Number of protein chains: 2
Amino acid sequence: MTEHVVYVGNKPVMNYVLATLTQFNEGADEVVVKARGRAISRAVDVAEIVRNRFLPNVGVKDIKIDTEELNSERGNINVSTIEIVLAKAA
Amino acid sequence: MTEHVVYVGNKPVMNYVLATLTQFNEGADEVVVKARGRAISRAVDVAEIVRNRFLPNVGVKDIKIDTEELNSERGNINVSTIEIVLAKAA
């Protein structure tokens, strides 16, 4: 099974809401909303808007947080990540 | 049982890390890290720093996201919230 993923970055939140809705409309049973760093707040907004405003039959199945080490010019930086699994009610 | 809570706002992340460590050191078995809006990313940082850098025996027991309606001068605003339950290993 293919994993359906939406990576949330710095664009307006509705861009990612639309991307998530599109994946569900194309038949996905689960969509994973992923983000890191400051975009984490926006990923939570995406999940909340999708399930509250557009798809009442979609719920939060799982949420994971983790830390990634990024190699930058100024040395290694730790950045937090989130994965929010949205799923249609069975 | 009293609920041990740390509300994460706009101060430096280490303030909230220290508040969380203090509650565990004073005997809490669980501490709930809460935030809303843009502070959500910082709450994830707090949880990750506490468990990765300071308290390896503490893990993420549960994460909940939700939406709160705030009444502001410009009308009602929806804001996302997060609750991260950190718990000592049994």
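User: Before we start, what does contact mean here?
Analyst: Contact means heavy atoms within 4.5 Å. This is a predicted model, where local features need pLDDT of at least 70, side-chain atom pairs count only at pLDDT 80 or more, and totals for chains, interfaces and linings use all residues. Residues are numbered from 1 along each chain as its sequence is written, chains are lettered from A in the order in which they are written, and side-chain values use heavy atoms, leaving out hydrogens and water. By that contact rule, chain A touches chain B with 20 residues on chain A and 20 residues on chain B.

User: Do the copies meet through the same surface or different ones, and what share of interface residues says so?
Analyst: Take the interface residues of chain A and look for them in chain B's interface. They turn up there too, so the copies meet through the same surface, and the share is 100%.

User: How much area do chain A and chain B bury between them?
Analyst: Buried area is the accessible area (1.4 Å probe) that two parts lose on being put together, summed over both. Carbon and sulfur atoms carry 59% of it here, and the total is about 1400 Å².

User: How many salt bridges cross the interface?
Analyst: You'd need a side-chain nitrogen of Lys or Arg within 4 Å of a carboxyl oxygen of Asp or Glu. Between chain A and chain B, the rule finds 0.
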